[in-house]
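Here are my notes on this model. Please read them with the coordinates open.

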Amino acid sequence: MMRTIFLALVSLLICGQAGATISEEKFWDAETFVNTCKEKGGAELLCLGYITGIRETVFIIKLSPPSPTLPQKAFFCAPESVTNEELQQLFIDYSTKNPPVESDSPLFAVVKALRYHFPCK
């Protein structure tokens with residue numbers, strides 16, 4: 001189980017490194033991330049991969065036994081029937097209506113949007 005968590009976190013890190021090379025501008029703020037998600041021609045795939053990584057990480061956290069180093073609360077509870085592409089579109093729609101604060105991280109912006117659509121009960 002710890003190996004799976006480690007691999008999920010490494011995947012998020014690799015996505016971060018890949019995103020940092022897309023352009024010279026600051027990539028990892030929420031506003032720039034939202035704009036990347038809206039693009040076509042390949043850049044939106046980075047967004048999809050990042051959101052998929054967040055979803056998988058939340059899934060792993062929910063399955064993990066209690067640990068002092070991992071939060072046990074799920075950040076959002078999206079049904080399995082919702083595709084990653086649908087999550088991406090919900091994030092874009094939410095962020096268009098509720099623009100993120102410039103200092104927000106993409107992680108915070110994604111979790112906030114998905115928690116709005118899929119709060120845990």
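A disulfide here is a pair of cysteine sulfur atoms within 2.5 Å. The model is predicted.

1. Disulfide count. The structure holds two disulfides. Counting bonded cysteines along the chain, the pattern is 1-2, 3-4.

2. Cysteine 37 to cysteine 47. The S to S distance is 1.9 Å. The link is right-handed, with 95 degrees about the S-S bond. Cysteine 37 sits in helix H2 and cysteine 47 in helix H3, so the bond ties together parts ten residues apart in sequence. Cysteine 37 is buried, at 1% relative accessible area. Cysteine 47 is buried too, at 0%.

3. Cysteine 77 to cysteine 120. The sulfur atoms of this disulfide are 1.9 Å apart. The torsion about the S-S bond is about 95 degrees, so this link is right-handed. Cysteine 77 lies in the loop between H3 and H4, and cysteine 120 in the segment after H5, so the pair ties together parts 43 residues apart in sequence. Cysteine 77 is partly exposed, with a relative accessible area of 28%. Cysteine 120 is also partly exposed, at 35%.

4. Nonpolar core. The largest nonpolar core has 22 residues; Phe33, Ile51, Ile54, Leu87, Phe91 and Val110 touch the most other members. Helices H2 (30–38), H3 (43–63), H4 (84–97) and H5 (106–117) each supply at least two residues of this core. In soluble globular proteins, nonpolar side chains tend to be buried together.

5. Phenylalanine 91. What does phenylalanine 91 touch, not counting residues up to four places away in sequence? The contacts are Phe33, Val34, Cys37, Ile51, Ala109, Val110 and Ala113. Cys37 in that list is bonded to cysteine 47.

Technical notes
Residues are numbered from 1 along each chain as its sequence is written. This is a predicted model: local features need pLDDT of at least 70, side-chain atom pairs count only at pLDDT 80 or more; totals for chains, interfaces and linings use all residues. Side-chain values use heavy atoms; hydrogens and water are left out. A nonpolar core is a set of buried Ala, Val, Leu, Ile, Met, Phe, Trp, Tyr and Cys residues joined through side-chain atoms within 4.5 Å. Buried means under 20% relative accessible area, exposed over 50%, partly exposed in between (1.4 Å probe, protein chains only). Helices (H or I, at least four residues) and strands (E, at least two) are DSSP runs, numbered from the N terminus. Contact means heavy atoms within 4.5 Å.
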